[in-house]
Amino acid sequence: MLLLLLAGVWLGLVALPYGTWSVARLRAGLRRHVADGPVGATLTWLLGLALLTALLQAWSLLAPLNGWAFAGAALGSLGLFALDRQAFWATWRGIRQTLAGWRAGEWVAAAVLATELLLLATLPSINGDTAVYHAQSLRWLEQFGAVPGLANIDTRLGYNSAWFVPQTLASWAQWVGSPLHTLNAAVLLIYAGYALAALPALRRQPTAAGLLRVLLLPLLAFWCADDLASLSPDPAVAMLAFVVLSQAAAAPLPGRPQPWTLTHAVLALLAVFAVTIKLSAGPLLLLPLLWLLRRRPAALPGFLARMSAAALLLVLPWMLRTVVLTGYLLFPFPALDVLPLDWKFPRNYLFVHADYIRKFARNWTLQEGQPYLLPLRQWLPIWWQQQLFFDRLLTMLAPVVGLLSGLLLLRSATLRRQLAGPVAVVALVAAAGVGYWFAVAPAYRFGLGFILSLFALLLLPAALLLARRWPRPVATSISLLAVAALTAKLLMVELRFFATPRYVPAAEFPAFLADVVAPEARAFVQQCYQPDSSHTAYLLRPGLPLGGKLRLLGTLLRSGALARQSQGLAASGRRLLRPAPYPDYSASMDTVQLSGVRLLQYPARPDPNRYGVWYAPFPFAAYTRGLKLRTGELSGGFRQAKSKQDSDTPTISSEN
């Protein structure tokens with residue numbers, strides 16, 4: 001925990017000068033085109049993180065993101081602070097003034113939320129994608145930077161989320177031995193502070209934008225917090241969508257009497273940054289497009305040139321990295337096959353993989369390459385049955401809430417006026433985002449930013465009506481709801497993944513049973529577990545009902561066995577210095593010699609209890625068939641052989 005706290009403070013302090021400098025330069029460059037005005041600390045810090053990410057991506061094209069990049073980021077931060085100390089201290093004073101307006105309730109809520117976020121971030125990771133490719137993406141960045149044709153050894157290494165780049169510095173994996181989940185915890189904590197900062201004004205005079213900002217906090221806490229102990233970009237995209245949409249609802253809508261403001265320009269750049277993190281954030285770009293259509297800034301060509309240059313600064317390094325990793329401008333988009341590069345990922349297989357992403361989102365039981373051409377009426381019931389309970393509950397509640405809100409709007413002209421203009425535009429963008437998500441790849445985690453934003457907007461009429469009548473109780477209730485939502489998520493993660501051990505090694509199972517003294521209780525515990533296919537471990541029986549899990553939990557707590565086996569909250573005392581490390585399955589991997597270069601891959605008969613490759617088995621290659629080294633070194637990258645004679649023949653050994 002201590003290392004994660006230190007890494008979070010370091011990241012916060014390093015990124016802020018990049019933000020204050022960026023806002024100052026944007027203000028100077030657009031002074032003839034947009035109306036000036038203050039830019040909040042949250043937007044400033046996020047813009048700083050976006051600039052830092054772009055610079056690190058450019059660095060990775062030339063060198064690995066190792067200690068030198070770490071030092072370069074810190075020195076750059078000090079240099080930008082020295083160049084514009086006035087802007088930095090003005091932002092710092094704004095933060096202090098905001099915190100000075102907090103009551104005891106805000107401080108208590110912030111302390112509880114921070115503690116629970118920290119507990120979640122230090123748990124063992126339960127994210128399958130972190131096991132499969134997130135951690136490996138970080139490792140390649142740390143060791144080599146951008147490697148040509150890296151997607152040829154694992155397709156998912158070509159996804160190139162910009163979120164992995166700052167995590168190489170925020171995770172401290174190079175020095176700790178396993179990544180710290182700093183960045184996701186940091187952005188959720190920053191949003192918590194951003195939302196809680198709206199409570200004092202909400203108590204005095206409720207506004208639709210302020211209420212939307214606060215309503216999104218419990219939704220973010222409940223639906224995104226279980227990915228805190230991971231390197232996933234999903235929480236970051238949701239948080240950025242919340243900030244951009246809620247701040248857009250507060251900014252005046254550009255029109256005939258109202259010009260663009262500096263905040264509009266910053267939000268447009270943050271929308272671009274979100275797209276480099278995950279392409280599913282693309283509908284956010286509708287916001288600046290709608291603003292531009294409603295009111296063209298003075299001297300439009302000059303404005304577009306400056307904004308395009310700023311956006312290009314964020315996009316170009318990311319796109320160049322995609323080209324290096326995959327051979328395509330965007331990945332996985334085979335239509336953008338315009339570059340004649342020898343390391344290009346095979347186009348015919350890319351069509352299969354891109355199609356699989358859409359299929360997987362509709363039915364996760366399908367395998368890659370399996371045909372799936374069912375019409376909507378056939379795949380929709382399958383998709384619905386595969387959704388988690390709370391995702392289905394949210395989906396069923398949305399039309400009910402929408403109907404009630406529609407009735408309220410019909411009856412109240414005041415509500416219609418308050419929700420017109422910028423809030424209506426934000427609702428349009430959120431609805432477009434949900435439609436895009438459902439049409440392209442309707443896995444909930446791909447569209448949480450838009451789904452939860454639209455749900456909060458549907459709640460807004462009723463919430464605003466209540467807040468106008470009882471502003472203080474409503475503000476307090478929402479902050480308590482946020483704490484309750486995160487507490488519930490923490491307990492749900494504990495009960496589902498950690499409270500009852502899901503995996504007990506076969507050698508330890510007799511001692512595990514011996515801790516349960518009562519014969520009847522011991523027989524019950526034994527019934528709850530079954531040996532795996534290799535008889536190397538005992539696994540918790542799938543489909544064990546909630547009542548059975550609770551009974552098992554009580555039995556293990558009374559026997560003391562849980563304290564020795566659990567890796568969840570009961571083991572938090574063992575993680576006071578550092579979070580739970582990733583598992584290391586290097587010893588169970590096969591070694592592949594490819595033209596004298598050593599790679600690791602899954603054995604012919606992998607252990608089913610050792611899922612993923614995580615961070616330690618490196619360099620890992622998911623595919624070696626038809627693979628060829630470009631230069632004889634890992635840093636030179638990989639390509640697909642053009643013929644059998646051109647291919648390197650891998651030599652496989654079970655010894656590392």
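How many residues lie between S2 and S3 in the hairpin that these strands form? The structure is a predicted model, in which local features require pLDDT of at least 70 and side-chain atom pairs count only at pLDDT 80 or more, whereas totals for chains, interfaces and linings use all residues. Residues are numbered from 1 along each chain as its sequence is written, and side-chain values use heavy atoms, with hydrogens and water left out.

The hairpin of S2 and S3 has 5 residues between its strands, and His-535 in the turn has a positive phi of about 55 degrees. Helices (H or I, at least four residues) and strands (E, at least two) are DSSP runs numbered from the N terminus. Two strands are taken to pair if DSSP finds at least two bridges between them. In this model, 3 strands form an open sheet with antiparallel pairing, in the order S1-S3-S2. Strand S1 (503–505) and strand S2 (529–531) stand at the edges with a single partner strand each, so one side of each is left without a neighbour in the sheet. The twist from one strand to the next averages 25 degrees. Strand S3 (residues 537–540) is joined to S2 by 3 bridges, and S1 and S3 likewise pair over 3 bridges. Leu-539 of S3 is the bridge partner of Gln-530 and also that of Tyr-503.

A further element is helix H17 (residues 376–386), whose buried residues are Trp-379, Trp-383 and Gln-386; buried means under 20% relative accessible area, exposed over 50%, and partly exposed in between, with a 1.4 Å probe and protein chains only. Seen down the axis of H17, these buried residues fall within an arc of 60 degrees, so they line one face of the helix; the arc is that of the directions from the helix axis to the C-beta atoms. Arg-377 and Gln-385, on the other side of H17, are exposed. The buried residues of H17 pack against helix H16 (347–362) and helix H20 (422–440), where contact means heavy atoms within 4.5 Å.

The second largest pocket is lined by 45 residues, of which Thr-42, Ile-95, Leu-189, Ile-190 and Gly-193 lie nearest its centre. On a 1 Å grid over the protein atoms alone, a pocket is an open set of points with protein on both sides within 12 Å along at least five of seven lines, and lining residues have an atom within 4 Å of a point. Helices that each supply at least two lining residues include H1 (2–29), H2 (41–60) and H4 (85–100). Helix H9 gives the most to this lining, with 9 residues.

Terms used
Axes are lines fitted to C-alpha atoms, for helices over the stretch in contact, and angles run from 0 to 180 degrees between N-to-C directions. On a 1 Å grid over the protein atoms alone, a cavity is a set of points where a 1.4 Å probe fits but cannot get out, and a pocket is an open set with protein on both sides within 12 Å along at least five of seven lines; lining residues have an atom within 4 Å of a point.
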